[in-house]
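Subject: Handover of a structure and its findings

Dear colleague,

Please find the structure below, followed by an account of what was found in it.

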Amino acid sequence: MKTFQKQQFIKSFSSKNKPAYTINIGETFIVETMDCYGGAITSPNQLRTEINLDYINPATGPIYINDIHPGDTLCVEILDIQLDEFGVMVLYPGMGPLGHLVQQTDTRIFQVSDGKVKFNDSIHLPIKPMVGVIGTAPLNAEVLCESPGDHGGNMDTKHITVGSKIYLPVFHEGGLLALGDLHAAMGDGELNGSGVEIGGKVTMNASKINDSIPMPIVETAESYMIISSESTLEQAANKGMEAAVHLFEKKLSITFNDAYRLLSAVCDLQISQIVNPLVTVRIVIPKEIISNIF
Ligand code: CA
Ligand code: CA
């Protein structure tokens with residue numbers, strides 16, 4: 001099995017990036033990733049405000065997938081996530097929604113072992129590994145790895161984890177997949193602007209769907225989640241809802257009004273993150289309504 005090393009990474013998603021690696025449809029491969037600080041913070045003495053970071057959220061890749069073309073959908077199934085031995089959480093005045101209340105700049109390094117994040121002597125959090133950044137080259141322009149969008153990117157969606165399938169739009173030949181920004185734990189919203197930031201290795205499998213989607217979709221055992229990112233929660237919710245309604249009209253052969261009713265009757269609106277340049281929500285469609293969206 002191929003292992004793609006973290007030294008090949010991108011700072012922004014763009015069709016101009018030259019492929020670093022190549023795989024075939026159906027191939028299983030391992031991707032090493034740095035944490036969102038590029039591994040620059042390894043001790044509590046290193047403060048986020050004093051470290052000169054050239055980039056944030058380096059994403060390993062791009063990975064060119066043979067025989068995948070614009071208009072296809074790339075399906076990436078996450079088979080395993082192995083995390084490094086410690087995670088980082090920084091804080092500084094101004095960081096996140098409560099940044100005005102932060103008076104002290106500090107860095108915490110947490111040991112991550114035995115299935116736990118050792119937050120302190122008495123608080124041990126269960127490890128819930130997830131991939132914060134995963135995407136393809138966007139249709140236009142370049143998008144910094146710190147931002148989400150219709151190409152994926154910094155979606156910070158905790159369901160992007162082992163056992164899930166991530167469907168990504170393909171806008172350019174080969175798709176140009178890249179990923180990084182693993183978290184050992186993160187709640188919905190990513191409320192202070194950071195998860196337990198960590199590097200690691202992700203084992204995944206790539207397949208192709210001969211159909212297009214307007215924005216990323218995550219499939220779990222129970223549901224399909226349309227992942228929508230926009231400037232405000234309202235805009236993100238509306239864009240995701242419209243995509244869900246169109247999916248119902250097309251796949252269930254029902255009218256707009258019935259699709260809109262179904263949306264209200266069965267779908268959940270959930271928040272992935274509120275701290276990135278665009279915010280991200282999920283429209284959750286239970287599989288009892290649509291067992292297969294493709
Ligand atoms: Ca992130
Ligand atoms: Ca992160």
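A polar contact is a pair of N or O atoms within 3.5 Å; within protein, one must be able to donate a hydrogen and the other to accept it, and residues adjacent in sequence count only if both atoms are side-chain atoms. Such a contact, of 2.9 Å, joins the side chains of Ser12 and Glu142.

Before the remaining findings, a note on the source is in order. This is a predicted model, in which local features need pLDDT of at least 70 and side-chain atom pairs count only at pLDDT 80 or more, while totals for chains, interfaces and linings use all residues. Residues are numbered from 1 along each chain as its sequence is written, chains are lettered from A and ligands numbered from 1 in the order in which they are written, and side-chain values use heavy atoms, with hydrogens and water left out.

To return to Ser12, this residue is placed in strand E3 (residues 12-13). Helices (H or I, at least four residues) and strands (E, at least two) are DSSP runs, numbered from the N terminus. With a relative accessible area of 8%, Ser12 is buried. Here buried means under 20% relative accessible area, exposed over 50%, and partly exposed in between (1.4 Å probe, protein chains only). Apart from neighbours within four places in sequence, Ser12 is in contact with Asn17, Glu142, Val143, Leu144 and Cys145, where contact means heavy atoms within 4.5 Å.

The calcium ions

Which residues coordinate the calcium ion (ligand 1)? Its donors are Asn154 (OD1), Asp156 (OD), Asp156 (OD) and Asp181 (OD), at 2.2 to 2.5 Å. Donors are N, O and S atoms within 2.8 Å of the metal (3.2 Å for Na, K and Ca); water is not among the atoms, so sites may look incomplete. Along the chain, the donors of the calcium ion (ligand 1) follow the spacing N-x1-D-x24-D. Asn154 is buried at 2% relative accessibility, and Asp156 is buried at 1%.

The calcium ion (ligand 2) is coordinated at 2.2 to 3.1 Å by Asp181 (OD), Asp181 (OD), His183 (NE2), Glu197 (OE) and Glu197 (OE). The spacing of these donor residues in sequence is D-x1-H-x13-E. The calcium ion (ligand 1) and the calcium ion (ligand 2) lie 3.2 Å apart, and Asp181 bridges them. Asp181 belongs to strand E17 (residues 177-183) and Glu197 to strand E18 (residues 197-198), so the pair ties together parts that are 16 residues apart in sequence. Both Asp181 and Glu197 are buried.

Aromatic rings

How many aromatic pairs does the structure hold? There are five. Rings of Phe, Tyr and Trp (its six-membered ring) pair if their centres lie within 6.5 Å; planes under 30 degrees apart count as stacked, over 60 as edge-to-face and the rest as tilted. One of the pairs is formed by Phe4 and Phe29, and this pair is tilted, at 5.7 Å centre to centre and 40 degrees between the planes. Since Phe4 lies in strand E1 (residues 2-4) and Phe29 in strand E5 (residues 28-33), the pair ties together parts that are 25 residues apart in sequence. Phe4 and Phe29 are both buried. Ring pairs also link Phe4, Tyr21 and Phe29 into a cluster.

Phe256 and Tyr260 have ring centres 5.5 Å apart and planes at 40 degrees, so this pair is tilted. The two residues, Phe256 and Tyr260, are four residues apart in helix H2 (residues 256-266), and are therefore separated by about one helical turn. Phe256 is partly exposed, at 40% relative accessibility, and Tyr260 is partly exposed, at 48%.

Charges over rings

A charge sits over a ring if NZ of Lys or CZ of Arg is within 6 Å of the ring centre and within 35 degrees of the ring normal. The charged end of Arg108 is placed in this way over the ring of Phe119, 5.8 Å from its centre. Likewise, the charged end of Lys287 sits over the ring of Tyr224, 5.4 Å from its centre.

Met89 lies in strand E8 (residues 86-91) and is buried, with a relative accessible area of 18%.
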